[in-house]
Amino acid sequence: MKKTTIFKLTLLTFLTLSVMSVALLFAIPKAILLDRFLSGHGVYIFPNRVEEGFLSVYLENLKVFYRNQPLGSFAKTRLSFEPVGLSLSAVCGSGKISALLGFRRLRAEFNSADCLKGIGLVSGNLELEGNKLKGTLSVRRFVAKGFKIDAMNLYFKGKSFDGDIEYMGIKLNGGGMLKLNLQNLLASELSGEFKGSLGSLLIRGRLNNITAELK
């Protein structure tokens, strides 16, 4: 077979596959693709309204669950399929969250977000790569079992963190360790100690069941 013929057949095959891929992209609702992608990562979404774009999905009044546990509610959310993964832009209250989820990598930016269950305003930048978490996180109003923490500022350095906590109007400083569970992030374990004039505040447990104890 001549090289010209082989080239033409290869080009024809490539064009056919490209046309079929585009046709499938239009034929299959993006919401279904999105649901399958997220459920594969343990995330389940329940919107009141869905609007599809070419490579994006717009959702209103969205409730999000992670591993069957409520994670938060978002007024307006846009998720877009990109070559490097899935990007998210969400508005909740007076703030917003932006994130990019790729293969074993997650980058998230919080700008005065107040849509996460059990947590007040959240600001900061986090990057999860493999089993290491880096970045900063500031939280206003956080409820742990037995304690209501006014504010905390944490600085993550891979598998450890340090920072400060404000409890009953008094600042405590310290740090601790974070053991990530990539199969179920809410089951990741945290343990830390923060010291101040009140004594030592011990924080430990899984992210979905954190306890605090003052000694």
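Arginine 141 is found in strand β9, residues 132-144. Strands here are DSSP runs of E of at least two residues, helices are runs of H or I of at least four, and both are numbered from the N terminus. Phi of arginine 141 is near 70°, a positive value in a residue other than glycine. Most residues other than glycine have a negative phi. At 44% relative accessibility, arginine 141 counts as partly exposed. Buried means under 20% relative accessible area, exposed means over 50%, and partly exposed lies in between, with a 1.4 Å probe and protein chains only.

This is a predicted model, in which local features need pLDDT of at least 70 and side-chain atom pairs count only at pLDDT 80 or more, while totals for chains, interfaces and linings use all residues. Residues are numbered from 1 along each chain as its sequence is written, and side-chain values use heavy atoms, with hydrogens and water left out.

How confident is the predictor? The pLDDT, its confidence in each residue from 0 to 100, averages 79 over the protein. At least 70 is the score of 85% of the residues. Residues 1-27 stay under 50, and the model has 6 contacts for them beyond four places in sequence. Contact means heavy atoms within 4.5 Å. Where pLDDT is low, the predicted coordinates should not be read in detail.

Now the whole chain. The protein has 2 helices and 15 strands. Of its 215 residues, 34% are buried. Its accessible surface comes to about 13,000 Å², and carbon and sulfur atoms hold 58% of that. These areas come from the Shrake-Rupley method with a 1.4 Å probe; for residues, only the protein chains shown count as cover. Among contacts with a separation of 6 or more, 24% join residues 24 or more positions apart.

The largest nonpolar core has 46 residues. Such a core is a set of buried Ala, Val, Leu, Ile, Met, Phe, Trp, Tyr and Cys residues joined through side-chain atoms within 4.5 Å. Leu34, Ile45, Phe74, Phe156, Ile165 and Ile203 have the most contacts inside it. Take phenylalanine 74. Beyond four places in sequence, its contacts include Leu62, Val64, Val91, Ile97 and Cys115.

Serine 80 sits in strand β4, residues 69-82. Serine 80 counts as buried because its relative accessibility is 18%. Leaving aside neighbours within four places in sequence, it is in contact with Leu55, Ser56, Gly85, Leu86 and Ser87.

Glycine 176 belongs to strand β12. Glycine 176 is also buried, at 18%. What does glycine 176 touch, beyond four places in sequence? Its partners are Ser160, Phe161, Ser191 and Gly192. Leucine 190 is 14 residues from glycine 176 in sequence, and their C-alpha atoms are 7.5 Å apart.

Last, the surface. Met168, Leu198 and Leu214 make a nonpolar patch of about 260 Å². Patch residues have over 30% relative accessible area and no salt bridge; like charges are joined within 9 Å, and nonpolar side chains (Val, Leu, Ile, Met, Phe, Trp, Tyr) within 5 Å. A salt bridge is a side-chain nitrogen of Lys or Arg within 4 Å of a carboxyl oxygen of Asp or Glu. Methionine 168 lies in the loop between β11 (160-167) and β12 (170-179). Methionine 168 is exposed, at 58%, and its phi is near 55°, a positive value. Leucine 198 lies in the loop between β13 (189-196) and β14 (199-206). Leucine 198 is partly exposed, at 31%.

How values were computed:
pLDDT = per-residue confidence, 0-100.
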